[in-house]
Amino acid sequence: PAQVTETHLSETMEYDSVSRGARAMFFMLTPNESSFEKVEDVPQYVQQATPFFVGLMVLELVVGFLKTGAPVITISDGITSLSAGMVSRLPLLLMRGCELSAYMHVWNHYRLVELPWDSAWTWWFTFLGVDFCYYWVHRFAHEVAVLWAAHQVHHSSEYYNLTTALRQSVTQPFTSWVFYLPMALAVPPSIFAVHIQLNLLYQFWIHTELIRDLGPLEWILNTPKHHRVHHGRNLYCIDKNYGGILIIWDRLFGTFAQEADKVVYGLVFPIKRFEILYVQLHYYLYLWKKSKTYKTISNKLSTFLNGPSWKPGKRRLGDHNDNPKVTGKEVPHNPRWSLPVQIYAVIHFLLVLKTYHDLFENKMLSLEGFFPQAQFWLARKCCHTQPLQTLNKMPCLLFFFSLIATSMGLCQLWSPLTHKHTHLLCSIEGSPPFWRTKHQLVVQQ
């Protein structure tokens with residue numbers, strides 16, 4: 001009987017864990033089950049969501065094929081989006097997220113009041129506060145060119161599916177933390193740590209074309225219908241619908257737009273490239289080259305601080321007069337591969353994905369503080385050995401260079417292919433495409 005009871009208890013706990021994980025994806029956790037006194041007690045909701053990410057993407061692939069007769073996710077675009085998401089989390093191997101670290105510093109030294117961590121009022125106040133701050137994070141990321149250089153990664157796909165949700169920037173967290181600091185004057189870090197994750201997770205499922213309309217919920221919540229508009233490059237879609245969970249902020253601040261004409265996704269000037277490094281960093285290089293074409297310091301600085309479409313003589317956000325006209329007949333960039341190339345790309349990516357998952361699952365390089373404490377924390381928490389011995393055993397560098405190798409190795413596959421053959425690796429004699437001197441200077445929105 002004791003063994004039966006233990007087995008039943010184990011199954012119940014496992015069911016509860018799966019239930020919480022699934023509900024976290026849709027912001028359906030209650031304050032009682034997601035309020036914690038200490039930051040260390042807050043679950044890693046985003047990392048634990050990996051099985052749900054995979055499950056929902058597979059479900060979207062199956063349902064999409066049944067409805068349209070064609071795959072809604074392509075190998076080239078899907079791998080690029082997933083790889084961008086993996087790259088975006090690499091800094092977490094060396095330090096705690098910037099948002100939480102800065103938040104805790106302000107809380108520890110400058111808080112004005114201390115709201116009770118176990119109060120439902122604190123939980124709901126934090127929900128509204130985080131979502132309100134996210135609206136402004138998101139809006140500034142579209143209206144300030146140097147911030148757009150980071151955020152454009154998320155908009156660079158010409159497809160709109162669940163893999164697009166994971167196409168994240170590696171540099172954006174280094175600036176977004178500023179917008180959340182006012183909350184640190186009153187809200188405990190543990191409650192903030194919960195909501196900053198749940199806010200992000202909610203935004204995963206709204207990246208799909210399969211859900212068309214949710215009725216009355218469209219008035220309050222950000223939905224797939226509203227977020228499709230945000231990802232569009234149609235004139236009526238640009239700089240609209242910034243909300244994270246709630247769409248009410250857009251309705252209040254005049255940035256809301258209803259879905260109307262067929263939405264054409266991607267950047268105003270599509271990059272038509274799939275190399276990870278290029279997708280992540282190309283716009284910084286573009287801004288630097290653009291600023292060098294101006295003579296005055298004012299114009300040079302304005303290149304980075306004004307809107308992406310700004311030019312001398314135009315208003316701060318610029319205009320869209322130079323944008324290519326969207327007809328609705330645009331076809332996403334999707335070069336054809338041979339079957340062996342597709343198999344190679346998928347196998348290589350899966351190997352890197354496995355290493356990535358193991359690193360984060362085992363918390364082999366997850367730190368309590370910043371880089372100076374890295375060696376000693378790792379030795380104490382992970383292996384109970386000497387610091388240098390611990391670091392020597394870490395596969396982090398292997399993972400990183402495998403990821404870069406994937407980016408460089410597949411660069412030829414995703415550029416215009418020759419009809420007779422395809423190189424699996426970039427030429428050793430030549431430079432990777434990202435570092436070639438020829439660079440198309442276009443204003444990307």
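This is a predicted model: local features need pLDDT of at least 70, side-chain atom pairs count only at pLDDT 80 or more; totals for chains, interfaces and linings use all residues.

Student: What share of the contacts comes from residues 24 or more positions apart?
Tutor: They make up 73% of the contacts with a separation of 6 or more.

Student: What's the mean pLDDT?
Tutor: The mean is 83. A pLDDT of 70 or more is reached by 78% of the residues.

Student: Where does pLDDT stay under 50?
Tutor: One such stretch is residues 364-393. The model gives that stretch 50 contacts beyond four places in sequence. Residues 411-445 are also below 50. There the model has 76 contacts beyond near neighbours in sequence.

Student: OK, helix packing. How do you describe two packed helices?
Tutor: By two things: the angle between their axes and the distance between the axes.

Student: Then what are the angle and distance for α6 and α10?
Tutor: Helix α6 spans residues 120-143 and helix α10 spans residues 189-202. They pack at an angle of about 50 degrees, with axes 9 Å apart. That angle is therefore classed as oblique. The crossing of α6 and α10 is right-handed.

Student: Which residues make that contact?
Tutor: From α6: Thr-122, Trp-123, Thr-126, Phe-127, Val-130, Asp-131 and Tyr-134. From α10: Ile-191, Phe-192, His-195, Ile-196 and Asn-199. By class, the contact of α6 with α10 has 7 nonpolar, 4 polar and 1 charged.

Student: Now α4 and α15. At what angle do they cross?
Tutor: At roughly 20 degrees. Helix α4 is residues 75-88, helix α15 is residues 339-361, and their axes come within 11 Å.

Student: Why are α4 and α15 called roughly parallel?
Tutor: Because angles under 35 degrees count as roughly parallel. At roughly 20 degrees, α4 and α15 are therefore in that class. Their crossing is left-handed.

Student: Which residues meet there?
Tutor: Ile-75, Ile-79, Leu-82, Ser-83 and Met-86 come from α4. They meet Gln-342, Ala-345, Val-346, Phe-349, Val-352, Leu-353 and Tyr-356 of α15. The contact of α4 with α15 has 10 nonpolar, 2 polar and no charged residues.

Student: Switching to single residues. Is Arg-228 buried or exposed?
Tutor: Buried, with a relative accessible area of 0%. Arg-228 belongs to helix α11, residues 224-230.

Student: What is Arg-228 in contact with?
Tutor: Leaving aside neighbours within four places in sequence, Arg-228 contacts Tyr-160, Thr-208, Glu-209, Ile-211, Arg-212, Glu-259, Val-263 and Tyr-265.

Student: And where is Ser-176 found?
Tutor: In helix α9, residues 173-176. Ser-176 is buried, at 6% relative accessible area. Beyond its neighbours within four places, Ser-176 is in contact with Glu-99 and Val-137.

Student: Loops next. Where is Val-72?
Tutor: In the loop between α3 (50-68) and α4. Val-72 counts as partly exposed, at 22% relative accessibility.

Student: What does Val-72 touch?
Tutor: Glu-60, Leu-61, Gly-64, Tyr-159 and Asn-161, not counting residues up to four places away. Val-72 and Leu-210 are 138 residues apart in sequence, and their C-alpha atoms are 9.6 Å apart in space.

Student: Which loop holds Phe-256?
Tutor: The one between α12 (248-253) and α13 (276-291). Phe-256 touches His-226, Lys-240, Asn-241, Ile-247, Asp-250 and Arg-251, again not counting residues up to four places away. Phe-256 and His-230 are 26 residues apart in sequence and 9.3 Å apart in space, C-alpha to C-alpha.

Student: What about phi of Asp-239?
Tutor: Phi of Asp-239 is positive too, near 60 degrees. Asp-239 lies in the loop between α11 and α12.

Notes: Residues are numbered from 1 along each chain as its sequence is written. Side-chain values use heavy atoms; hydrogens and water are left out. Axes are lines fitted to C-alpha atoms, for helices over the stretch in contact, and angles run from 0 to 180 degrees between N-to-C directions. Helices (H or I, at least four residues) and strands (E, at least two) are DSSP runs, numbered from the N terminus. Angles under 35 degrees count as roughly parallel, over 145 as roughly antiparallel, 65 to 115 as roughly perpendicular and the rest as oblique. A crossing is left-handed if the near helix is turned anticlockwise from the far one by less than a right angle, and right-handed if clockwise. Contact means heavy atoms within 4.5 Å. Ala, Val, Leu, Ile, Met, Phe, Trp, Tyr, Cys and Pro count as nonpolar, Asp, Glu, Lys and Arg as charged, and the others, Gly among them, as polar. pLDDT is the predictor's confidence in each residue, from 0 to 100. Buried means under 20% relative accessible area, exposed over 50%, partly exposed in between (1.4 Å probe, protein chains only).
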